[in-house]
Amino acid sequence: MQPLVITQVDSLYVAMLTDSHRRPQAIRALSARERIEGIYLARIQRVLPNLQAAFVEMGPEESAYLPLAERGGAAYMPKGQELLLVQVAKEASKDKHCVVKSGISLVKSHLALNFFPLGRESDRGELRFSYSAKLPKEFKAWLKIHMEAPLTTLYQGAASGRPQAELIFRTSLQERQKEEILLLLTAQWEELLAEMDQLLLWAKTRLCPGCLRPAPLPVDSLLAGFSPDEYTEIVTDLPSIYDYLGQTASGMAKRRLYNDETYALEKLYSLRLALDRAVEKRVWLPSGAYLLIEHTEALTVIDVNSGRNISKKGGERAFLDINLEAAKECGRQWRIRNLSGIILIDFINMPDETQKKELLDFLGALAKKDPTPCYVAGLSHLGLVEMTRKRIFNPLRTYWKHSES
């Protein structure tokens, strides 16, 4: 296994995983101007009861889409031009507005707080608890007995009733000794409550829309594209990300700060070249065959061509070998390019049903290894492999254009 590299290239944060030859195996890129999880004070522009949604103004000439069903629908929406707290859930893309939510999330290394300013008045002061599914049952029981009551007392002790909220105990807690957990969680809980109270105060006293808290460093979003067992350590040349990794659950992996001023981390791993190649249409394979990757509004099409492969005269087995090689490269490309939605792959035609099954099984095994949910549906009547990959972030091509250098 190799290290996971995180650095900044122009206006992008880039995380890249390579093989032993430093050939990219997966890339995740996010804009340094990304606003996901940023918290805003927004003004109601228009309520759409039939869609259980509303449009809100986040700033000068900037609107966002707010689904309402998450907190009981339009019956709990402030009327007219009132202001409310929202948090960015999804960036704008093409002709679509960015999506915001009315439930606000605040995160610390061991705790996460979700609170709901638009909740019912009768639910004010209610605090619910949730636990990471990775925490052992015995540890969850211990937390329930020893932590829920004191944390609830702190939450409900405010003079003005706080909104309904949910407190989540995170996986990183299991790394701590029980003797230190009470003081540690109490301190983090008080920090979260202070942040929440400040946001609620600003919502009451400010008179115009705007950003209240910018988006945090997108470290967790970058890491979401990788499984922890895929890399040995996280290497970065950005002190802010190195410090963040040490303070959060993301830092459970080994981290290293790269500080060689004579040769930048970006150049050591040829990141610009990797990004350039990741947006090219044609991808050559070692055998001489190639993939042609085309994007449309509705789907992505990958065409497999035998190209300069000299073994194509070797019969049906040669075609299977090319298709298996192409399938492996497809699995690499959809992670490098962050392809999502419907993906159609046009492999070289093989009449043998056994070989078709072998190819589909191989492609399905690659999909199961992907941290992003993938589903291989099978062959269509036209002989195209149909599959889907969940859209979590925008594809790489929306962030990076082929550089001229």
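These entries record what I looked up in the structure, from the whole chain down to single residues.

**Basis of the entries.** I worked from a predicted model, in which local features need pLDDT of at least 70 and side-chain atom pairs count only at pLDDT 80 or more, while totals for chains, interfaces and linings use all residues. Residues are numbered from 1 along each chain as its sequence is written, and side-chain values use heavy atoms, with hydrogens and water left out.

**Entry 1: the whole chain.** I counted 9 helices and 21 strands in the protein chain; these are DSSP runs numbered from the N terminus, with helices being H or I of at least four residues and strands being E of at least two. Along the principal axes, the C-alpha atoms fill a box of roughly 80 × 50 × 45 Å. Of the 405 residues, 48% are buried (buried is under 20% relative accessible area, exposed over 50%, partly exposed in between, with a 1.4 Å probe and protein chains only). The accessible surface comes to about 20,800 Å², and 53% of that belongs to carbon and sulfur atoms; the areas come from the Shrake-Rupley method with a 1.4 Å probe, and for residues only the protein chains shown count as cover. I also looked up contacts (heavy atoms within 4.5 Å): among those between residues at least 6 apart in sequence, 63% join residues at least 24 apart.

**Entry 2: helix α9.** I found that α9 spans residues 353-369, 17 residues in total, and reaches 25 Å from its first C-alpha to its last, close to the 24 Å expected at 1.5 Å a residue (the expected span is 1.5 Å times one less than the number of residues). Its buried residues are Q355, L359, L363, L366 and A367. They lie on the same side of α9, because they cover an arc of only 120 degrees around the axis; the arc is that of the directions from the helix axis to the C-beta atoms. On the face turned away from this buried side I noted the exposed residues E353, T354, K357, K368 and K369. At the N-terminal end, D352 caps α9, with a side-chain oxygen 2.7 Å from the backbone nitrogen of T354.

**Entry 3: salt bridges.** A search of the whole structure gave me 21 salt bridges (a side-chain nitrogen of Lys or Arg within 4 Å of a carboxyl oxygen of Asp or Glu).

E353 is exposed at 55% relative accessible area, whereas K356 is partly exposed at 22%.

R389 and D370 form another salt bridge, at 2.7 Å, N to O. This pair links distant parts of the chain, 19 residues apart: R389 is in strand β21 (residues 385-389), and D370 is in the loop between α9 and β20 (374-379). I found both R389 and D370 buried.

E191 and K108 meet at 3.3 Å, N to O. E191 is partly exposed, at 40%.

**Entry 4: T236.** I located T236 in strand β14 (residues 231-236). T236 is buried, at 0% relative accessibility. Leaving aside neighbours within four places in sequence, T236 is in contact with I6, I241, Y242, R256, L257, Y258 and L265.

Notes: Polar contact = N/O pair within 3.5 Å; in protein donor to acceptor, adjacent residues only side chain to side chain.
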